[in-house]
Amino acid sequence: FLARTRRVPLLLYEILQHDADIICLQEVDATVYEQLLSPALLAHGFSGFYSNKATSQLEGCAMFWSLRTFEPDVEMEVYPIRDLFRES
């Protein structure tokens, strides 16, 4: 395993090379999202959202979208995925 300080810049380089409008990542550590991914991708014109797993683990999914392509949504609503599939 590479150290986090080596892995994250390599990951960011790879992500940005694809020039994507939407970036979805799984198994993201909350600290890595808050301290590394979010600030770095914000500097490259992305906004993002992080959703922690419903367990005691500090990891989850992160989604970023290009502000060149998508308008910022000032009133984003959050719905737990389990609620979306619940039968009425």
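Reply: Helices here are DSSP runs of H or I with at least four residues, numbered from the N terminus. The model is a predicted one.

Start with the helix. α1 runs over 4-17 and has 14 residues. From first C-alpha to last, α1 reaches 20 Å. That is close to the 20 Å expected at 1.5 Å a residue.

Next, its buried side. Val 8, Leu 12 and Ile 15 of α1 are buried. Viewed down the helix axis, the buried residues of α1 fall within an arc of 65 degrees, so they line one face of the helix. The cover over these buried residues includes β1 and α2. β1 spans 22-29, and α2 spans 30-43.

Now move past the helix. Asp 19 follows α1 and has a positive phi, near 50 degrees. Asp 21 sits in the loop between α1 and β1.

Burial requires under 20%, and exposure over 50%.

Leaving out residues up to four places away in sequence, Asp 21 touches Phe 46, Phe 64, Trp 65, Ser 66, Arg 68, Thr 69 and Phe 70. Take Arg 68: it is 47 residues from Asp 21 in sequence, yet the two C-alpha atoms are 8.2 Å apart. With Thr 69, there is a polar contact, side chain to side chain, at 2.9 Å.

Notes. Residues are numbered from 1 along each chain as its sequence is written. This is a predicted model: local features need pLDDT of at least 70, side-chain atom pairs count only at pLDDT 80 or more; totals for chains, interfaces and linings use all residues. Side-chain values use heavy atoms; hydrogens and water are left out. Helices (H or I, at least four residues) and strands (E, at least two) are DSSP runs, numbered from the N terminus. Contact means heavy atoms within 4.5 Å. A polar contact is a pair of N or O atoms within 3.5 Å; within protein, one must be able to donate a hydrogen and the other to accept it, and residues adjacent in sequence count only if both atoms are side-chain atoms. The expected span of a helix is 1.5 Å times one less than its number of residues. Buried means under 20% relative accessible area, exposed over 50%, partly exposed in between (1.4 Å probe, protein chains only). The arc is that of the directions from the helix axis to the C-beta atoms.
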